[in-house]
Amino acid sequence: MKKLMKFVGGKQRPNPKQLAAFLNTEIAPYFDFDYMARWSSGPRWHQMNEKQRGKMASKLKQNFLGTLAKKLKGFSGQNYTMPTTRRGRGGVVSVNVSIQNPGRYPARMKFRFYRSSDGWKVFDVEANGNSALAYYRQYFRSQTPGYRSWPRYR
């Protein structure tokens, strides 16, 4: 968070290319886009081949980082706090972040992590109570013809 907020809140505002490069090199490695794609695709994941799975993970990463870049354009040196870190079932850790917005309510974010073989990875982000995983599951469902006919459980 420190590195991200310093980058977007500096005196010299990054242009869109600089922001995209920063997100791709400095932020994306902390996320597990394969997990996010697997969860978002639901039962359809088992019917995809490796190429389709890779394409879906790539599209999710592109959409997620693009949305993050758009949201970060409005940031200009806001303070943030991380009031709580909570351990959940299965070793999942949630890190809550409150971003102060002068004259408005603070933005609330929750990052959900799990420990992978490569260290801690983010697998979901909630912004003001809205989960990215739930959004992408609905998004991909609406983009895929015949989704309603997929088996619900395997």
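The largest pocket has a volume of about 1,100 Å³. A pocket here, on a 1 Å grid over the protein atoms alone, is an open set of points where a 1.4 Å probe fits, with protein on both sides within 12 Å along at least five of seven lines; lining residues have an atom within 4 Å of a point. The volume is the space filled by probe spheres set on the points, which are joined across faces, edges and corners. Of its 36 lining residues, L68, M109, F111, V125 and A127 are the closest to the centre.

This is a predicted model: local features need pLDDT of at least 70, side-chain atom pairs count only at pLDDT 80 or more, and totals for chains, interfaces and linings use all residues. Residues are numbered from 1 along each chain as its sequence is written, and side-chain values use heavy atoms, with hydrogens and water left out.

Now V125. It sits in strand β5, residues 119–127; strands are DSSP runs of E, at least two residues, and helices runs of H or I, at least four, numbered from the N terminus. Is V125 buried or exposed? It is buried, at 7% relative accessible area; buried means under 20%, exposed over 50%, partly exposed in between, with a 1.4 Å probe and protein chains only. Beyond four places in sequence, its contacts (heavy atoms within 4.5 Å) include F31, F64, M109 and A132.

A132 brings us to α5, where A132, L133, Y136 and F140 are buried.
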